[in-house]
Amino acid sequence: MSTPYQEEERCFGEYRCSQCGRSWMSANSWANYGQKCTRCNINVMPHKQRPLLKPDGLDKSDPNKAHPRELCGKCKALGRFCGESF
């Protein structure tokens, strides 16, 4: 399934679970990869994505918060943390 963002760099993504309605944002969002909902454990594709360098005032990233690798489709595909340099 395609995502709104089609660049190779990671981006900022917004997610909403269709099953429980939970919403979240992630600065580790990637083109054509989803993240699992922590409540439902189903894969959710981002409904909105934008480059990290262009915040719109809603971004509230916490650099101290750990990225949940077990929920990230890109981390699973790579077999490592998706934010590491290639």
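Q: Which side chains meet in a salt bridge here?
A: In this predicted model, the side chains of Glu14 and Arg50 meet in a salt bridge, with 3.0 Å from N to O.

Q: Where do the two partners sit in the chain?
A: Glu14 is in strand β1 (residues 11–16) and Arg50 is in strand β5, so the pair, 36 residues apart, links distant parts of the chain.

Q: And how many salt bridges does the structure hold?
A: The structure holds one.

Q: Is Arg50 buried or exposed?
A: Arg50 counts as buried, because its relative accessibility is 9% and the cut-off for buried is under 20%.

Q: What about Glu14, buried or exposed?
A: Glu14 is buried as well, because its relative accessible area is 13%.

Q: Which residues does strand β5 cover?
A: Strand β5 covers residues 48–51, and Arg50 is found there. Gln49 lies in strand β5 too.

Q: Let's stay with Gln49 then. Buried or exposed?
A: Gln49 counts as buried, because its relative accessibility is 10%.

Q: What does its side chain reach?
A: The side chain of Gln49 reaches the backbone oxygen of Trp30, at 3.3 Å. It also makes a polar contact with the side chain of Thr3, at 3.2 Å.

Q: Which residues is Gln49 in contact with, leaving aside its neighbours within four places in sequence?
A: With those neighbours set aside, the contacts of Gln49 include Thr3, Pro4, Tyr5, Phe12, Trp30 and Ala31.

Q: You mentioned Ala31. Where is that one?
A: Ala31 has its place in the loop between β2 and β3. Ala31 counts as buried, because its relative accessibility is 12%.

Q: How far is Ala31 from Met45?
A: Ala31 and Met45 are 14 residues apart in sequence, and their C-alpha atoms are 9.5 Å apart in space.

Q: New topic: how many aromatic pairs does a search of the whole structure find?
A: The search finds one aromatic pair. Tyr15 and Trp24 form that pair, and their rings are stacked, with 5.2 Å from centre to centre and 5 degrees between the planes.

Q: Are Tyr15 and Trp24 buried or exposed?
A: Tyr15 and Trp24 are both buried.

Q: And what lies over the face of Trp30?
A: That is Lys74, at 4.6 Å from the ring centre of Trp30.

Q: What about the phi of Asn41?
A: Asn41 is not a glycine, yet its phi is positive, at about 60 degrees. Asn41 lies in the loop between β3 and β4 (43–44). Asn41 is partly exposed, because its relative accessible area is 49%.

Q: I'd like to see the helix as well. Where is Ala77?
A: Ala77 has its place in helix α1, which covers residues 73–78. Ala77 counts as exposed, because its relative accessibility is 53%.

Q: How far apart are Ala77 and Tyr33?
A: Ala77 and Tyr33 are 44 residues apart in sequence, but 9.2 Å apart in space from C-alpha to C-alpha.

Q: What share of the residues counts as buried?
A: Of the 86 residues in the protein chain, 33% count as buried.

Definitions and conventions. Residues are numbered from 1 along each chain as its sequence is written. This is a predicted model: local features need pLDDT of at least 70, side-chain atom pairs count only at pLDDT 80 or more; totals for chains, interfaces and linings use all residues. Side-chain values use heavy atoms; hydrogens and water are left out. Rings of Phe, Tyr and Trp (its six-membered ring) pair if their centres lie within 6.5 Å; planes under 30 degrees apart count as stacked, over 60 as edge-to-face and the rest as tilted. Buried means under 20% relative accessible area, exposed over 50%, partly exposed in between (1.4 Å probe, protein chains only). A charge sits over a ring if NZ of Lys or CZ of Arg is within 6 Å of the ring centre and within 35 degrees of the ring normal. Helices (H or I, at least four residues) and strands (E, at least two) are DSSP runs, numbered from the N terminus. A salt bridge is a side-chain nitrogen of Lys or Arg within 4 Å of a carboxyl oxygen of Asp or Glu. A polar contact is a pair of N or O atoms within 3.5 Å; within protein, one must be able to donate a hydrogen and the other to accept it, and residues adjacent in sequence count only if both atoms are side-chain atoms. Contact means heavy atoms within 4.5 Å.
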